[in-house]
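Hello,

Here is the structure I promised to pass on. Please open it first, then read my notes beside it.

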Amino acid sequence: MLAALLGCGLWLSCGAGSGAGKELTHIKIAPANQTIAKGATLQLSATGYYSNGTAQALGATVTWQTSQPAVATIDAQGDVTGGGVGVTQISAAYEGVAGATSVTVGPPALLAITVSPNQSSLPAGESAQFTATGNFSDGTVQNLTNRATWTSSAPAIASVGPDGAAVAIAVGTLTISATVGNVTGTAGLMVTPAVVIALSVVPATVSMVLENTRQFQAIATLSNGTTKNMTATVTWSSAQPGIASVTSGGLVTANQVGSTTILAEASGVTGSSSVTVTPLLLVSYFDVAYAKKSGYDGTLQLTNPGLTSGSLCAMVYVFDRSQELNECCGCMVSDSGLRTLSLLYDLTANPLTGKQPQAGIIEIVSSDPTSNPTCNPGSLAPAGAILGWETNAQPTGGGTFQETETSLSQVPLGKGRSWRTSAAI
């Protein structure tokens with residue numbers, strides 16, 4: 001009796017066939033009547049109950065079977081794997097006795113969510129699309145972006161919409177989360193300072209008189225919607241520096257008649273301005289009557305300052321009080337040279353109308369002599385810069401006069417009366 005107690009005092013240590021004189025009456029499977037997800041695995045165990053009231057784990061001695069292999073399979077160790085949605089009966093048989101339970105297989109279960117991009121950087125003001133990918137128990141993956149509940153750990157740094165689109169607001173770091181049911185996936189986001197997304201050059205379109213300068217500005221639009229004056233930090237350039245050049249600070253100089261584009265670049269973003277350089281039109285007023293009465297012959301002095309190399313033609317057009325062309329001439333002015341013309345004996349001595357004008361205006365246009373070496377005023381090719389000044393007799397009262405000297409007015413060609421010059425010639 002003592003030997004029997006020592007050999008089988010603990011029933012779990014005995015083999016399936018131990019226990020002489022007792023019979024296996026039934027088998028129970030645990031856990032019973034379970035539901036698992038497709039692709040998931042469930043461990044079942046079989047316990048045998050004997051006629052003498054004892055129970056014993058049957059382990060791998062039982063034979064496992066499934067009534068619906070397409071719904072779930074089971075191996076020799078009692079591991080059930082869900083293969084398709086439905087219900088199957090699982091049985092365990094030993095020594096002619098069998099026990100059974102049902103296993104219901106449901107849709108695949110969501111095991112994890114992957115949020116991508118996992119680690120990203122975004123300038124303030126810009127947006128980024130996050131994606132939530134679900135990993136399921138059957139090994140499949142699904143895009144859960146529109147099913148997930150999206151949250152931001154720091155909405156003041158970056159917000160996230162219901163579709164996973166995040167908007168960077170302020171510099172900092174945070175976590176973007178996507179949740180479906182009780183499963184959550186996360187991704188890190190770093191918000192960096194705002195960047196340049198557009199660059200405007202002011203003025204956008206401009207006409208400049210030859211040899212004049214003008215300050216340009218570069219105004220950047222940043223990704224956070226603000227603007228910033230970046231004139232001093234952008235990289236300035238000119239498509240044709242010979243026509244208009246620009247300094248590192250945005251100061252543009254008109255060098256030659258023509259058109260070009262001024263460019264400003266910062267962080268790979270470029271802005272531009274269209275520049276047209278027009279020739280100088282020199283304007284002088286005269287009064288022949290004053291010159292004759294005073295005895296002071298007025299003079300027109302023209303100089304080529306050498307701003308453009310080589311000689312230039314000074315095209316001179318004399319208009320009377322009725323703004324009709326009365327006389328015209330062209331004279332060559334060498335590089336750094338000077339020409340002086342008499343009011344009485346040059347500018348008004350040979351009127352086209354046959355009548356000497358008493359007063360009026362003189363206009364001078366600098367022209368390229370390359371195709372017009374005789375400086376014929378009827379063939380104008382505006383280029384270069386000629387400067388000038390004049391002497392005139394001015395009444396001082398009581399019938400007396402004094403001789404004055406003034407610089408000629410400089411205006412852009414085309415804004416005075418010069419547009420009628422070519423028509424009149």
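**A threonine to start from**

T101 is buried, with a relative accessible area of 4%. That is under the 20% cut-off for a buried residue. Keep in mind that this is a predicted model.

Find T101 in strand 10, which covers residues 97–106. Which residues does T101 contact, leaving aside its neighbours within four places in sequence? They are I29, A32, N33, T88, Q89 and I90. Now step along the chain to S116. T101 and S116 are 15 residues apart along the chain, yet their C-alpha atoms are separated by 42 Å.

**The whole protein**

Now zoom out. The protein has 4 helices and 39 strands. Its radius of gyration is 50 Å, whereas the globule rule gives 22 Å for 425 residues, so the protein is more spread out than a compact globule. The box around the C-alpha atoms says how: taken along the principal axes, it is roughly 160 × 35 × 35 Å.

- Of the 425 residues, 42% are buried.
- The protein exposes about 20700 Å², and carbon and sulfur atoms supply 53% of that area.
- Take the contacts with a separation of 6 or more: 58% of them come from residues 24 or more positions apart.

**The cysteines**

How many disulfides does the structure hold? The count is 1. This disulfide joins C313 to C375, with 2.1 Å from S to S. The angle about the S-S bond is -75°, and the link is left-handed. C313 sits in strand 33 (residues 312–320), while C375 sits in the loop between strand 36 (359–367) and strand 37 (387–397), so the bond ties together parts that are 62 residues apart in sequence.

Are the two partners buried or exposed? C313 is buried, at 0% relative accessible area. C375 is buried too, at 2% relative accessibility.

Next, look at C329 and C331. A disulfide needs the two sulfur atoms within 2.5 Å. C329 is partly exposed, with a relative accessible area of 25%. C331 counts as buried, at 8% relative accessibility.

**Backbone points to check**

Most residues other than glycine have a negative phi, and most peptide bonds are trans. Here are some places to look at with that in mind.

Begin with the cis peptide bonds. One joins A30 and P31, with omega about -10°. P31 lies in the loop between strand 1 (24–30) and strand 2 (34–37). Another cis bond joins V202 and P203, with omega about 0°. P203 lies in the loop between strand 21 (196–202) and strand 22 (205–209).

Then turn to phi. S267 is not a glycine, but its phi is positive, about 55°. Where is S267? Look in the loop between strand 29 (258–266) and strand 30 (269–278). S267 counts as exposed, at 64% relative accessibility.

C375 comes up again here. Its phi is near 55°, a positive value in a residue other than glycine. So for C375 you have a positive phi, a place in a disulfide with C313 and a buried position at 2% relative accessibility.

**Towards the end of the chain**

Last stop: Q410, in strand 39 (residues 409–412). Q410 counts as partly exposed, at 43% relative accessibility. Not counting residues up to four places away in sequence, Q410 touches L280, L281, L282 and L387. How far is Q410 from P108 in space? The distance is 85 Å, C-alpha to C-alpha, and the two are 302 residues apart in sequence.

Over to you now.

Best wishes

Key: Residues numbered from 1 in each chain as written. Predicted model: local features only at pLDDT ≥ 70, side-chain atom pairs only at ≥ 80, totals over all residues. Heavy atoms only, no water. Helix = DSSP H or I, 4+ residues; strand = E, 2+ residues; numbered from the N terminus. Rg over C-alpha atoms; globule rule 2.2 N^0.38 Å. Buried < 20%, exposed > 50% of the residue type's maximum accessible area, 1.4 Å probe, protein only. Contact = heavy atoms within 4.5 Å. Areas by Shrake-Rupley, 256 points an atom, 1.4 Å probe, with all protein chains shown as cover.
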